[in-house]
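Here is a short briefing on one protein model. Keep the structure open while you read.

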Amino acid sequence: MKIVLINGQNHKGSSYHIGRMLAERFPESKIIEFFLPRDLEHFCVGCYTCIKNEEKCPFYTEKKKIMDEVEQADLLIFTTPTYGMRASAPMKSFIDLTFTYWMSHRPRKCMFSKKAVVISTAAGAGAKSATKDIQNALFYWGVPYIKEYGVAVQAMCWEQVSDKKKERIKQDIEKLVNKIANNPNPRVCIKTKFMFGIMRMMQNKGMGSSSEETEYWKVNGWLDKKRPWNK
């Protein structure tokens, strides 16, 4: 199994350590790791160039390095600290810069068979709100299996987290590992199929963002009977 771990911070804090804990519970896996903003330090400038040609994005090279690995992964793990009750700014920027992967634009067939876990920690409140930012993006990517894990660690860094709290986290991660292992071939849910159908209808009616995107749907056969998931 190939795991891609995307961290919404450069430092190796509590969220990072829990993400690694999860990834390393699959010992036969290859783990590819990225840190934001180190590996993608840009903000979307709203030029809309990518709507017509994704390769014309001014940050295409850095973005492609990450997304090539994402497309090849079996399991995606996203970690983010909780900043202002939400995901970190670098993680939010990553979501902005990959919005063409959404079902409303150029969804990738490979995304409709992946599994993902979103992890966030906070000293107090807000971790679950932070995971929602990423979970929402993954849903629109078409990922059918998404688990969220938000936890208040009552500490400023992993070293300060109490042994009791770490043991509880370890137990939670073990349960999560079992859930992932017991669902080897996740199926696309009715909500995703419905949303895909809405986007398909818009593309068919010429209501997409560009003619290039409509052509993308046409080439994939999605304007006819083909779908990006296995029936």
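Helix H1 (residues 14-23) packs against helix H6 (residues 163-181) at an angle of about 45 degrees, and their axes are 10 Å apart. That angle makes H1 oblique to H6. Note that this is a predicted model.

**H1 against H6**

- The crossing of H1 and H6 is right-handed.
- H1 brings Ile-18, Met-21 and Leu-22 to the contact.
- H6 brings Ile-169, Lys-170, Ile-173, Leu-176, Val-177 and Ile-180.
- By type, eight of these contact residues are nonpolar, none is polar and one is charged.

**The sheet**

- Five strands form an open sheet in the order E2-E1-E3-E4-E5, and the pairing is parallel.
- Strand E2 (30-35) and strand E5 (145-152) are the edge strands, each pairing on one side only.
- From one strand to the next, the twist averages 15 degrees.

**Strand pairing around E3**

- Strand E1 (residues 2-7) runs parallel to strand E3 (residues 75-81), and five bridges join them.
- Val-4 has Leu-76 as its bridge partner in E3.
- E3 also pairs with E4 in the parallel sense, over seven bridges.
- Leu-76 has Ala-116 as its bridge partner in E4.

- Helix H4 (residues 89-97) lies across E1 and E3.
- H4 runs at about 135 degrees to E3.
- H6, the partner of H1 in the packing above, lies across E3, strand E4 (115-122) and E5.
- H6 runs at about 175 degrees to E5.

**How enclosed is E4?**

- Eight of the eight residues of E4 are buried, so the strand is largely enclosed by the rest of the structure.
- Lys-115, Val-117, Ile-119 and Thr-121 point one way from E4.
- Ala-116, Val-118, Ser-120 and Ala-122 point the other way.
- Residues of both sets are buried, Lys-115 among them.

**Ser-29 and Ser-211: buried or exposed?**

- Ser-29 sits in the loop between H1 and E2.
- Ser-29 counts as buried, because its relative accessibility is 17% and the cut-off for buried is under 20%.
- Leaving aside neighbours within four places in sequence, Ser-29 is in contact with Met-1 and Ile-3.
- Ser-211 lies in helix H8.
- Ser-211 counts as exposed, because its relative accessibility is 54% and exposed means over 50%.
- Ser-211 and Ala-116 are 95 residues apart along the chain, and their C-alpha atoms are separated by 31 Å.

**H7 against H8**

- Helix H7 (residues 190-204) and helix H8 (residues 211-220) cross at roughly 120 degrees.
- The axes of H7 and H8 come within 10 Å.
- H7 passes H8 in a left-handed crossing.
- On the H7 side, the contact uses Phe-196, Met-199, Arg-200 and Gln-203.
- On the H8 side, it uses Glu-213, Thr-214 and Trp-217.
- These contact residues divide into three nonpolar, two polar and two charged.

Conventions. Residues are numbered from 1 along each chain as its sequence is written. This is a predicted model: local features need pLDDT of at least 70, side-chain atom pairs count only at pLDDT 80 or more; totals for chains, interfaces and linings use all residues. Side-chain values use heavy atoms; hydrogens and water are left out. Axes are lines fitted to C-alpha atoms, for helices over the stretch in contact, and angles run from 0 to 180 degrees between N-to-C directions. Helices (H or I, at least four residues) and strands (E, at least two) are DSSP runs, numbered from the N terminus. Angles under 35 degrees count as roughly parallel, over 145 as roughly antiparallel, 65 to 115 as roughly perpendicular and the rest as oblique. A crossing is left-handed if the near helix is turned anticlockwise from the far one by less than a right angle, and right-handed if clockwise. Contact means heavy atoms within 4.5 Å. Ala, Val, Leu, Ile, Met, Phe, Trp, Tyr, Cys and Pro count as nonpolar, Asp, Glu, Lys and Arg as charged, and the others, Gly among them, as polar. Two strands pair if DSSP finds at least two bridges between them. Buried means under 20% relative accessible area, exposed over 50%, partly exposed in between (1.4 Å probe, protein chains only).
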